[in-house]
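Please look through the structure shown below before reading on.

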Amino acid sequence: MDPLVSIAILLAGPLLVGLSMGVDRRITARMQNRRGPPLLQPFYDIGKLFSKRPQMLGDLQGLFAAFCLTFQAVAFVLFAFGGDLLVAFFISSMGAVFLVLGAYSAPSPYSYLGANRELLAILAYEPVLFLVIIAVGINGSFLASEAPAGLLERIPLALAALVPVLVILLEKSPYDVPTAHQELVSGPYVEYSGRYLAMMELGRWFQLAFVYGVATLFVSGPDPLTNVAVKLAAAFILLLAAILIDNITARLTRRRMVLFMLTAGVGLIALNLIVLYASGVI
Amino acid sequence: MATGEVATALLVLVPLAGAAASLLAGPRRLQRYIVGGTAAVLIIASVILLLDMAGRGFTALSISPPEELSTVVEALGIVLTVTFLYFGWRTRSVLVALFSVGELIMIGLLVASPGSEGPALLIDTLALVLVLITSIVGSLIAVYSLTYMRDDPRRGTFLAVIVAFLGVMNAAVMCNDMRWFEVFWSATTLFSFLLIGHARTDEAKNAARLALIINTGGGLALLMGARLLQYYHDTYLLSDLMAGGAAGLALLPFALLSIGAFTKSAQLPFQSWLLAAMVAPTPVSALLHSSTMVNLGVFLLLRIAPSFQGDLTISAAIALVGGLSFLATSVLAMTNSNAKRVLAYSTIGNLGLIVMCAGIGTPLAMAAAMVLLLYHAVSKALLFLAVGVVKEVRGSDDIEDMYGLRKDLPLVTMAIFVGIATLVLPPFGMFVSKWLISEAAIVFPLLAFLLAVGFASIVVYYFKWMGVLLTSVTGPGRPLRNDASLRAYRWELGALSAGAVAISVLIGPITHYLIAPFVARELLLPGLTDTLTLFTAGGELQAFLLLFLAIVVFLAARLFLRPAGGDTPYGGGEAVDELQVGGDYYLSERSASRISRAGTAASAVLVVLLVVAPLISEVL
């Protein structure tokens with residue numbers, strides 16, 4: 001892969017995720033008959049957080065925030081430079097673990113409950129994301145730079161399984177269990193402030209960029225321009241699906257979240273692979 | 001005698017001599033010197049063996065001991081079996097008696113039917129890795145138990161058995177002749193029985209009895225496998241086995257040997273003995289789980305793996321037993337609050353992964369299995385020893401009693417964190433095996449589904465535990481500077497922590513020099529040779545680069561990120577004086593036991609299939 005392209009992906013990824021957050025807030029506002037914030041509001045938020053003086057409870061929170069951001073960023077760097085998707089997945093999942101550890105290390109009730117729930121969220125979305133990547137690997141290679149063509153035709157259900165994964169990662173109903181703002185304020189993030197909160201948020205952007213990135217591997221266009229266009233469209237459709245689900249559902253319990261992901265989410269991919277084997281494609 | 005042969009002899013004979021000396025030595029001081037000296041000799045001898053192997057380019061070293069020694073080993077085997085018979089009578093166990101009578105008959109058949117001649121001992125890199133684990137990790141555990149068992153009236157016996165265990169374990173992994181292997185295998189059964197029953201409480205006695213029943217049963221399967229190996233393949237030597245090609249009844253010996261391996265490695269459906277063995281003192285758990293005993297089963301399986309690869313039913317059944325053991329124990333570990341039990345489940349799960357790899361049998365999977373074996377041993381020993389210190393200080397090994405441990409015992413918490421991190425987190429060694437296994441599993445996608453849920457469960461149960469250690473119930477505050485209780489154990493925990501990190505740094509050379517030669521013995525291995533980046537057919541891992549990055553970020557964050565502390569926690573308007581905590585264990589005891597029963601039943605079916613499949617394929 002051309003290093004310039006990689007660097008472009010690396011820079012564009014988190015920026016586009018930030019922008020998608022703005023789009024998300026606008027669309028959600030319109031669905032609820034509000035005007036919504038400016039499109040660039042997520043960037044303003046990050047900027048403002050960096051200028052604030054942090055108030056933190058635990059002495060390890062900063063360390064864990066740094067690790068969270070680094071692991072997520074490294075995962076996306078690996079993806080952008082065409083590295084191994086499984087390695088990127090494992091590294092990204094460690095970023096999520098440091099979010100949990102950071103929350104545990106603050107002696108605060110909401111943060112503690114949030115951490116407990118975040119672990120369950122990991123239990124729910126990780127197997128599905130792992131299997132999506134395995135499904136990609138079965139069709140050719142685990143290297144992002146050598147992603148086989150025509151994945152959408154071969155494993156469409158794996159792409160569909162990414163929707164609930166995104167719902168959890170975007171902290172949207174019905175699976176906004178860990179951060180549940182009416183119950184837990186913002187769960188694992190509650191004792192973070194200032195630049196450390198900004199680091200956590202950026203970490204989340206990188207994590208989402210990686211997941212959207214996996215989704216973009218499913219489609220490709222004949223020339224560079226259409227290629228970029230269809231890839232962006234694929235990511236955007238996933239986002240729209242998540243927003244729609246968010247606005248028409250209410251929060252479900254932790255148990256329901258885990259059960260749904262481990263039955264329906266895993267089942268979708270299993271079904272897809274069985275069909276592939278039965279039809280002799282692989 | 002060449003250097004390698006001297007080292008080999010030392011590795012077996014010095015621990016046995018040390019055990020005898022420890023039994024006879026009265027005063028405590030003397031025991032310290034005996035165990036410490038034995039440990040030092042073992043560590044040095046194993047390193048000499050490593051250097052000797054390195055000097056010969058890591059080619060296998062075959063040793064043919066004198067004829068008289070064979071007779072001694074044979075006699076030892078009979079003595080051991082008679083001892084089992086005696087303990088069967090003592091514990092009123094009909095099964096043990098039946099199994100040991102069966103073993104005696106099998107030994108008689110083995111003596112009556114000589115196989116082809118060849119070296120009885122063979123040290124290749126698989127044996128070398130296991131010798132290093134036993135001699136270094138095992139010695140540290142022995143030294144640890146010097147302090148840990150200081151108030152025990154029968155400390156001498158305890159230490160003697162531990163030290164002797166290391167000797168027979170070293171001997172077992174160097175065996176090439178099944179007749180020799182079986183003897184040392186039985187010796188580990190006997191020693192584990194003695195160690196588990198050490199406390200002499202009813203619970204300990206029952207646990208020891210259970211371990212004896214299952215392991216003598218496994219020993220019988222092993223002996224039957226060895227006899228049939230001679231019958232169908234005309235040899236007792238593991239090095240004579242051909243890769244693939246066996247079909248029909250000729251597969252039966254491998255099925256029986258695998259069942260023996262399952263009992264020793266506590267795979268489902270034979271897991272109960274290892275879980276019950278948790279009543280034993282912590283060093284025993286550390287020894288059984290990390291550096292000896294359970295490794296022997298998977299060692300045998302890795303040795304015979306190429307021979308059953310031709311048959312899809314056998315290899316699939318073995319892979320599934322491993323996969324099921326991994327999945328079931330990972331889920332059960334999430335529902336358990338006892339640290340030692342969680343670690344026990346995790347051991348069975350990790351060994352399950354190795355068994356799964358042996359079943360898959362591709363070079364990639366075999367490499368993954370060896371990486372797992374090595375890195376698991378070091379990290380698991382560290383975790384058990386750290387839990388032992390917690391138990392000594394807090395009087396409990398329940399995770400629910402460990403809230404805020406970081407404040408009271410910062411160094412133990414650090415040791416537990418290093419143990420968990422090296423077991424789960426990238427870029428440490430275990431993660432490499434996780435990655436290798438995942439990429440190896442695509443040849444058998446059903447396994448990927450077991451892995452998916454299992455891996456996520458591992459993250460949940462380990463980091464839930466880590467969260468407990470970090471969660472301070474009494475509000476914010478700095479950890480204690482002086483960790484007095486840890487003083488006694490700082491060398492053992494420190495050495496294992498440093499070792500766990502060091503072997504992760506050395507992952508490149510280790511896969512290149514220690515793992516690739518064994519894996520590539522029969523099967524050609526693509527990639528996996530570069531010393532900085534690991535490659536597979538469809539993937540790559542910049543292990544060294546990642547590790548470097550993690551260290552840089554850790555240091556930078558420690559130096560520059562010092563959040564201002566001392567604020568009050570957010571309580572939604574209410575004052576938070578004390579944090580109300582309570583772990584979430586997700587499943588009720590009933591559903592947990594249902595999962596355990598389902599896993600056991602499913603793998604029992606697979607084990608029956610293992611034995612029946614060769615018969616059926618012979619008939620068809």
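What radius of gyration would a compact globule with 282 residues have, and what value does chain A have? The model is a predicted one, and in it chain A has a radius of gyration of 18 Å. A compact globule of 282 residues would be near 19 Å, so the value for chain A agrees with that expectation. Along its principal axes, the C-alpha trace of chain A spans about 55 × 40 × 40 Å. Chain A contains eleven helices and zero strands. Its pattern along the sequence is accordingly written α-α-α-α-α-α-α-α-α-α-α.

Chain B may be considered in the same way. With 620 residues, a compact globule would have a radius of gyration near 25 Å, and the 24 Å of chain B therefore agrees. The C-alpha trace of chain B spans about 80 × 60 × 55 Å along its principal axes. The secondary structure of chain B comprises 23 helices and four strands.

The predictor's confidence should be kept in mind from here on. For the complex, the predictor gives an ipTM of 0.92 and a pTM of 0.92. Within chain B the mean pLDDT is 86, and 91% of the residues reach 70 or more. Residues 523-532 of chain B, however, stay under 50 in pLDDT. For this stretch of chain B the model has 25 contacts beyond four places in sequence. Where pLDDT is low, the predicted coordinates should not be read in detail.

The next topic is the meeting of the two chains. In the model, 56 residues of chain A are in contact with 51 residues of chain B. On the side of chain A, the elements that give two or more residues are helix H3 (61-80), helix H4 (85-104), helix H5 (109-138) and helix H11 (254-278). The largest share, 15 residues, comes from H5(A). Sorted by class, the side of chain A that touches chain B has 40 nonpolar, twelve polar and four charged residues.

One helix pair across the two chains can be followed residue by residue. The axes of H11(A) and helix H19 (residues 445-470) of chain B come within 11 Å and cross at roughly 165°. At that angle H11(A) is therefore roughly antiparallel to H19(B). From H11(A), the residues A:Leu262, A:Val266, A:Ala270 and A:Leu273 meet B:Pro445, B:Phe449, B:Ala452 and B:Val453 of H19(B). By class, this contact has eight nonpolar residues, with no polar and no charged ones.

The contact of H15(B) with H18(B) has twelve nonpolar, four polar and one charged residues by class.

B:Asn295, B:Val298, B:Leu302 and B:Ala305 in H12(B) are in contact with B:Met366, B:Ala369, B:Leu373 and B:Ala377 in H15(B). This contact has seven nonpolar residues, one polar residue and no charged residues.

Two details of the backbone of chain B complete the account. Most residues other than glycine have a negative phi, and most peptide bonds are trans. B:Asp234, by contrast, has a positive phi, near 60°, and is found in the loop between helix H8 (202-233) and H9 of chain B. The peptide bond that joins B:Leu268 and B:Pro269 is cis, with an omega of about 0°. B:Pro269 lies in the loop between helix H9 (252-264) and helix H10 (272-276) of chain B.

Methods. Residues are numbered from 1 along each chain as its sequence is written. Chains are lettered from A and ligands numbered from 1 in the order in which they are written. This is a predicted model: local features need pLDDT of at least 70, side-chain atom pairs count only at pLDDT 80 or more; totals for chains, interfaces and linings use all residues. Ala, Val, Leu, Ile, Met, Phe, Trp, Tyr, Cys and Pro count as nonpolar, Asp, Glu, Lys and Arg as charged, and the others, Gly among them, as polar. pLDDT is the predictor's confidence in each residue, from 0 to 100. Two residues are in contact if their C-beta atoms, placed from the backbone, lie within 7 Å. The radius of gyration is taken over C-alpha atoms; the globule rule is 2.2 Å times the number of residues to the power 0.38. Axes are lines fitted to C-alpha atoms, for helices over the stretch in contact, and angles run from 0 to 180 degrees between N-to-C directions. Angles under 35 degrees count as roughly parallel, over 145 as roughly antiparallel, 65 to 115 as roughly perpendicular and the rest as oblique.
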